[in-house]
Amino acid sequence: MSTTTKAPKLKTSAMIASFADPGQKTAPAPIGHALVKAAEADHRIVGLTADLGKYTDMHIFAKAFPERFFQMGMAEQLLFGAAAGFAETGLVPFASTYSVFAARRAYDFLCLDIAEPNLNVNIVGGLPGLTTGYGPSHQAAEDMAIFRGMPNLTIVDPCDSVDIEQAVPQLAASDGPTYLRLLRGNVPTVLDEYDYTFELGKAKVLRGGNDVVFVSSGLMTMRALQAAEALAAHKVDVAVVHAPTIKPFDAATVLAEVNTDRLAVTLENHSVVGGLFETVASAVVTAGLGKRVVPVALPDEFLDAGALPTLHERYGLSVPRIVAKVLAELG
Amino acid sequence: MALAQDTPTRTGENTVERNERVTAAAHRIRHHALNMGEVQGQGYVGQALGAADMFAAVYADQLRFRADDPEWAGRDRFLLSTGHYAIGHYAALAEAGIVPVEELETYGSDDSRLPMSGMSTYTPGMEISGGSLGHGLAVAVGMALGLRHQGSPARVYNFLSDGELDEGSTWEAAMGAHHHQLGKLTAMVDINALQADGKTDTVLRTEPVTEKWEAFGWYAQRVDGNDVGALLAAFDNAAAQAAAVGRPSVILCDTKVGRGVPLLEEREKAHFMRIEEHEWQLCREQLSAGFDGKAER
C-alpha cells in the first residue's frame, strides 16, 4: 500500500452530462420523448441530425421511428439545406446539432433556405450558452446574438424538462422556423412546482416580490428561483419572470413587471451582447422608460475550458454570485 | 407554345422529332432571354444563352408539371441553385406556360415577380431561392428524401454551375445523395468554365470533374451541353442505368457562353456581359439566322 498522500480529485471538463444539482429532480432526454409523443399525433414530424443524434437525445426518436429519422452525417450545411427540402415537401423536420455549428457554421443555410421562405423547420441546438466545459469550440455563448437578427426565426430558451416537453408540440404546430436551445441528458424538472404552462411567445410571472424583479430565460430561470429563495433569507423579496421565448419577445408582460420601483435584473445563459439583456433593454428604451436594468450574463469574451460548476461560479451564473450581485446593487 | 404536361413521354415521337421539338424550345428560350436582357440593358444573357439547351431539355422533355397549377404535389422539382441564371429559368417558365411571356419584360424591375436573382417567394414555378451558391444540391437531397418518404414518384433536378463546385456544401450534399441512394435525383452542372473573377481554371481548379462525381458515388456523364440530342440521350441513360438502382445522376454539360449568337460567342467572356443598345436587334437577327439555318439543313 502506497504511503504517498493522495492529491484531491480535480474537477474536469468531462463533467458535462448534466448541470442538475446533486439530488435534484430530473427527467431523462426530454426532447427525445417529447418528439416521440408529438410524432405519434403528427405524421409530418421527421428527425434529422448531423452525427450528433446520441448527443442531442434524438436517439430516442430514432429508436421509436427509425423510418422517420435521417442521418445526414457530420455536414451541417447539408443538414439544414436538406431540412429545408423536407419542409418544402410538407414534412416538419426537427434537425439537431450543437448550437455552435447551427449558429456559426450553417447560418447561411438557415437564413436563406429556411428563414427567408419561412419554412417550418425546427432547429434543435445542443450545448447553448455555457453548458459545456470544452471551450469556445463547443460553447455557444453568442448563439442568440447571432440568431436574433434573422427575420422569421422564433427563438426559445427553455428552463427545464417541463418547458421542453410542452414546447415541442407548439414548435411543430407553429408555421415558421424555430430555434430551441436544447438542454439534454438528465434535465432538471423545476417548473412543475409552479402554476405554469409553456406558451410560445409568452413570458410568465412565476413568483411575486416587492424588492427585486428577475427577468430570466433558459436554465437561468432555475438559478433565478434558487437565488430568490436565498435572498429571502436576507429579507429581500424577489419576483421572477420567466421569458423562454426570446423572439418574438413578450415585451408587454416583461415591461409591466420591469416598470416599477424594484431593482430589475436580467439573467441569461448567454453573452451580455445580443441576448436577453439587450432584448429587455431595447424594449425598455423603445417604451421610453428611464429604467436601469442590471445584467447577469456571460462576459463578452471567449470563455475558459474547465468544469461547469467552476465556470458558472467564475462567470457569475452561480446562485451565490447572483445573490452577491443583488445584495451589492441594493447596497 | 405552352407545354402543359403531366408526363414527359410523348407517344409516337421519334428521336429526330423529339430533338427538333426541344431545339425549337431552346431557340424560344434564347429569344426570351435576349428580350429580357434588352429591357434591363444588361444581365446574365451570356449564361442564359449558354444554358438554354439544358433548360429546354428539362422543361420541354423531362419535367412532369402542370402549367396551370405550379404547386401540384405530384410535380417533378427543378431547383435553380445558380440564382443569377434566373433570366434563363424565367424564359423556360414562359416556354412552359407557367409565367406569361408578356411578363418577362418586367425582369429585374421594381415590384416584378421576376427578380434578377431567382427566389421561390417571388416566382411561380421557382422551387428555391438560389444565389448564395452551393445551396441547391443540399436542398435537393432533402426534397428527394422527403418525397420518397411520402411515397411520391416525383423526381428532383438540381441545376448548378461549375463555379458552385468550389463550395464545400456541394460535396456534403453529393455524399448525402449517394449515402441515401437517391436514384430520383439528377444534378446538371453547367460547365462554362467561367466564374465571377475569371476562367474557372484560374480561380480554383475543379477538374477532373467527372472523376470527382464518380468518386462520390454518382453516375456521371459529360456531354456537350449545347447538343440537344446528347443531353436527351444522357437523361435517358441516367434513367436506365442509375435511377433504377438508386444511384444519383449528374450530367456534366460543357456549354458556351453566348451560344447561338456569334457576336456574343466571340466577345471576350465575362461573368456580366456588356451589350450595347444597338446590338440587341443584331443579336436577335443572328439568333434567328442560326436557328433558321439549322432548320433548313
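Predicted model: local features only at pLDDT ≥ 70, side-chain atom pairs only at ≥ 80, totals over all residues.
Between which two elements of chain A is the loop in which Pro177(A) is found? The legends below begin with that residue.

**View 1**
Residues are numbered from 1 along each chain as its sequence is written, and chains are lettered from A and ligands numbered from 1 in the order in which they are written. Pro177(A) is found in the loop between α7 (161-173) and β7 of chain A, where helices (H or I, at least four residues) and strands (E, at least two) are DSSP runs, numbered from the N terminus. Pro177(A) counts as buried because it has 28 C-beta neighbours inside 10 Å; a residue is buried if 20 or more other C-beta atoms lie within 10 Å of its own, exposed if 12 or fewer, and partly exposed in between, with C-beta atoms placed from the backbone. Not counting residues up to four places away in sequence, Pro177(A) touches Ile114(A), Ala115(A), Leu119(A), Asn120(A), Val121(A), Ile123(A), Asn152(A) and Leu153(A), a contact being a pair of residues whose C-beta atoms, placed from the backbone, lie within 7 Å.

**View 1. The open sheet of seven strands in chain A.**
The strands follow the order β3-β2-β4-β5-β7-β6-β12 (chain A), and their pairing is mixed; two strands pair if DSSP finds at least two bridges between them. The edge strands, each pairing on one side only, are β3 (69-71) and β12 of chain A. From one strand to the next the twist averages 20 degrees, with axes taken as lines fitted to C-alpha atoms, for helices over the stretch in contact, and angles running from 0 to 180 degrees between N-to-C directions. Strands β5 (residues 122-126) and β7 (residues 178-181) of chain A run parallel and are joined by four bridges, and Asn122(A) has Thr178(A) in β7(A) as its bridge partner.

**View 2. The β-α-β unit around α10(A).**
Strand β13(A), helix α10 (residues 276-286) of chain A and strand β14(A) make a right-handed β-α-β unit; a crossover is right-handed if, with the strands pointing away from the viewer, the path from the first strand over the helix to the second runs clockwise. The strands β13 (residues 263-271) and β14 (residues 293-298) of chain A run parallel with five bridges between them, and Leu267(A) has Val296(A) as its bridge partner in β14(A). Buried residues of α10(A) include Leu276(A), Phe277(A) and Val280(A), and the buried residues of this helix pack against β10 (212-216), β12 (245-247), α9 (251-258), β13 and β14 of chain A. Just after α10(A), Gly288(A) takes a positive phi of about 75 degrees.

**View 3. The contact between chains A and B.**
Each chain gives residues to this contact, 21 residues from chain A and 21 residues from chain B. On the side of chain A that touches chain B, α3 (76-88) and α5 (107-115) of chain A each supply at least two residues, and the largest share, nine residues, comes from α3(A). The residues of this side divide into 12 nonpolar, five polar and four charged, where Ala, Val, Leu, Ile, Met, Phe, Trp, Tyr, Cys and Pro count as nonpolar, Asp, Glu, Lys and Arg as charged, and the others, Gly among them, as polar.

**View 5**
Five strands form an open sheet in the order β1-β2-β3-β7-β6 (chain B), with parallel pairing, and the edge strands are β1 (77-80) and β6 (219-224) of chain B. Six bridges join β2 (residues 156-161) of chain B to β3 (residues 185-191) of chain B, with Leu185(B) in β3(B) the bridge partner of Val156(B). Helix α8 (residues 228-241) of chain B packs on the sheet, touching β3, β6 and β7 (249-254) of chain B, and its direction makes about 170 degrees with that of β6(B).

The peptide bond from Lys247(A) to Pro248(A) is cis, with omega near -5 degrees, and Pro248(A) has its place in the loop between β12 and α9 of chain A. Glu207(B) and Pro208(B) are also joined by a cis peptide bond, with omega about 5 degrees. Ala29(A), which is not a glycine, has a positive phi of about 40 degrees and lies in the loop between β1 (26-28) and α1 (30-41) of chain A.

Note on methods
Contact = placed C-beta atoms within 7 Å.
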